[in-house]
Amino acid sequence: MQAPEPLLQRLASVPGMEAGRRRLVLLLPQLGDFDSLEYAQALVPALPQLAAAQVELLAIGIGNPAGADRFCRFTGFPRERLLVDGEPSLHRALGLYAGLQVPGGAWPGLLLMCAGIGSPGTLAEVLRGYSGDRTAALRPFELATVRLRNMVEVLGAWRTYVPTDDHITQRGGTYLLESDDSLLYSYRDPGILGFSATMAEPLSFLTPYLSPSPGQP
């Protein structure tokens, strides 16, 4: 299956992300979103493996350059690998979930999603953060503590991370492209704290691709 055309068009304008190499592309929600921060924090330790496997990385989030600068300083995500859009135009073109839409603006929808409405898996993932997870070697409250630290960071610089509240319910997605632009893997976030199909091991989808391909050094 070929990767979606709107994604290919965007990548064609980014040096190093054109066809001819494997590419991992993350469509992040707002930079101040739990999912954006946790996804970046999960990926940072894997950067050497991605480089060794010759997988190019790019994240495209909703925000502005000032927010991107702070996001990268806080998470350790490489700034040159993060682009930001003020509007989720690419997210929309790819059909990613815009989040629960209710009367009264974005905030009521976000609060309902945090309660698990229109956001499957959110409450279970919140509970896992407090109860721990033996399969992921997480002690009780360990993940909840990380999330609290992330929340304190974002709330302390809210308008840097989230210049406008209009898109706070927008969800993201993940695309892994082969060198010929075929799609090796894709995932669309169904709700808050759902940036991976396997949240206990959020990068497990990469496992088959983290060794160099035959014939590569």
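Predicted model: local features only at pLDDT ≥ 70, side-chain atom pairs only at ≥ 80, totals over all residues.
Local features are taken where pLDDT is at least 70 and side-chain atom pairs where it is 80 or more, while totals for chains, interfaces and linings use all residues. Residues are numbered from 1 along each chain as its sequence is written, and side-chain values use heavy atoms, without hydrogens and water.

**Cores**

The largest nonpolar core has 37 residues, and Leu24, Leu43, Phe71, Phe77 and Leu82 touch the most other members. Such a core is a set of buried Ala, Val, Leu, Ile, Met, Phe, Trp, Tyr and Cys residues joined through side-chain atoms within 4.5 Å. Buried means under 20% relative accessible area, exposed over 50%, and partly exposed in between, with a 1.4 Å probe and protein chains only. At least two residues of this core come from each of β1 (22-30), α2 (34-43), β2 (55-62), α4 (65-75) and α6 (106-114). Helices (H or I, at least four residues) and strands (E, at least two) are DSSP runs numbered from the N terminus. Helix α2 gives the largest share, 4 residues.

Apart from neighbours within four places in sequence, Leu43 is in contact (heavy atoms within 4.5 Å) with Leu24, Leu26, Leu50, Leu57, Phe77, Leu203 and Leu206. A second, separate core of 16 residues includes Val25, Leu58, Ile60 and Leu183. In soluble globular proteins, nonpolar side chains tend to be buried together.

**Hairpin and loops**

Strands β4 (residues 173-177) and β5 (residues 183-188) run antiparallel and are joined by 5 bridges; two strands pair if DSSP finds at least two bridges between them. Leu176 has Tyr185 in β5 as its bridge partner. The hairpin has 5 residues between its strands, and Asp181 takes a positive phi near 75° there. Asp181 is buried, at 15% relative accessibility.

Gln54 also is not a glycine and has a positive phi, of about 60°. This residue sits in the loop between α3 (47-52) and β2 and is partly exposed, with a relative accessible area of 34%. Most residues other than glycine have a negative phi.

**Salt bridges**

The structure holds 13 salt bridges, each a side-chain nitrogen of Lys or Arg within 4 Å of a carboxyl oxygen of Asp or Glu. The table gives three of them.

| Pair | Closest N and O atoms |
|---|---|
| Asp33 and Arg171 | 2.4 Å |
| Glu153 and Arg70 | 2.7 Å |
| Arg128 and Glu125 | 2.7 Å |

Asp33 forms a salt bridge with Arg171. Asp33 lies in the loop between β1 and α2 and Arg171 in the loop between α9 (158-161) and β4, so this pair ties together parts 138 residues apart in sequence. Both Asp33 and Arg171 are buried.

Glu153 forms a salt bridge with Arg70. Glu153 is in helix α8 and Arg70 in helix α4, so the pair ties together parts 83 residues apart in sequence. Glu153 counts as buried at 14% relative accessibility, whereas Arg70 is partly exposed at 29%.

Arg128 and Glu125 both lie in helix α7 (residues 122-131), 3 residues apart, about one turn of the helix. Both are buried. Salt bridges with shared partners join Glu38, Glu125, Arg128 and Arg147 into one network.

**Surface patch**

Helix α8 (residues 142-155) also holds Val152, which is exposed, with a relative accessible area of 55%.
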